[in-house]
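Student: Hi! I have a new model open and would like to talk it through with you. Could you help me read it?
Tutor: Happy to, let's have a look.

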Amino acid sequence: MWDITVREKVYQRLANEIFFRVLHGEYALGAKLPSFIDLAKEAGSSPETVRKAFRKLQQHGVIVKTWRGYFVASEETAISSFRQQYLATIEKEYLEAKEKVKIQNGTI
């Protein structure tokens, strides 16, 4: 069976990049996020892609939507929880990749 799938969508990658900026303090806890248009220009994507990325982060509690816009969650709990989920996913993908390149009986 062939394993040729594109697993990560552009909006997922953008959501991860926004999340990394939260982790590194570029977007502080409780800070207002840039608009879809501003962030799309900065990231070189479409406003729709940014909207999807925001929705993904909102579903995980990393950002919240108010009538004034989108904000980074003000509590570290949601950020920590999403970080653990992200790391578990990366670890699983790593272990799957490692298994695929495993050499049997010392021969290629």
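Tutor: One term before we start: contact means heavy atoms within 4.5 Å. Also keep in mind that this is a predicted model.

Student: Okay, contacts then. What share of the contacts with a separation of 6 or more comes from residues 24 or more positions apart?
Tutor: That share is 56% in this protein.

Student: And what secondary structure does the protein have?
Tutor: There are four helices and two strands. Going from the N terminus, the order is α-α-α-β-β-α.

Student: Is the crossing left-handed or right-handed?
Tutor: Left-handed, for helix 1 passing helix 4.

Student: Which residues make the contact?
Tutor: Helix 1 brings Asn 16, Phe 19, Phe 20, Val 22 and Leu 23, while helix 4 brings Ile 79, Phe 82, Arg 83 and Tyr 86. By type, the residues of this contact are seven nonpolar, one polar and one charged.

Student: Changing topic: how many residues are in the largest nonpolar core?
Tutor: The largest nonpolar core has 21 residues, and Ile 18, Phe 54 and Leu 57 have the most contacts inside it. Two or more residues each come from helix 1, helix 2 (36-43), helix 3 (47-59), strand 2 (69-72) and helix 4.

Student: Which element gives the most to this core?
Tutor: Helix 1 does, with six residues. As background, nonpolar side chains in soluble globular proteins tend to be buried together.

Student: What does Ile 18 touch, leaving aside neighbours within four places in sequence?
Tutor: Ile 18 is in contact with Tyr 27, Leu 39, Ala 53, Phe 54 and Leu 57. Two of those partners, Phe 54 and Leu 57, are named with Ile 18 as having the most contacts inside the core.

Student: Now Thr 49: is that residue buried or exposed?
Tutor: Thr 49 has a relative accessible area of 16%. Buried means under 20%, so Thr 49 is buried. Its place is in helix 3.

Student: Which residues is Thr 49 in contact with, again leaving aside neighbours within four places?
Tutor: Val 10, Tyr 11 and Leu 14.

Student: Last one: what percentage of the protein is buried residues?
Tutor: Buried residues make up 24% of its 108 residues.

How values were computed. Residues numbered from 1 in each chain as written. Predicted model: local features only at pLDDT ≥ 70, side-chain atom pairs only at ≥ 80, totals over all residues. Heavy atoms only, no water. Left-handed = near helix turned anticlockwise from the far one by under 90°. Nonpolar A, V, L, I, M, F, W, Y, C, P; charged D, E, K, R; others polar. Core = buried A, V, L, I, M, F, W, Y, C linked by side-chain atoms within 4.5 Å. Buried < 20%, exposed > 50% of the residue type's maximum accessible area, 1.4 Å probe, protein only.
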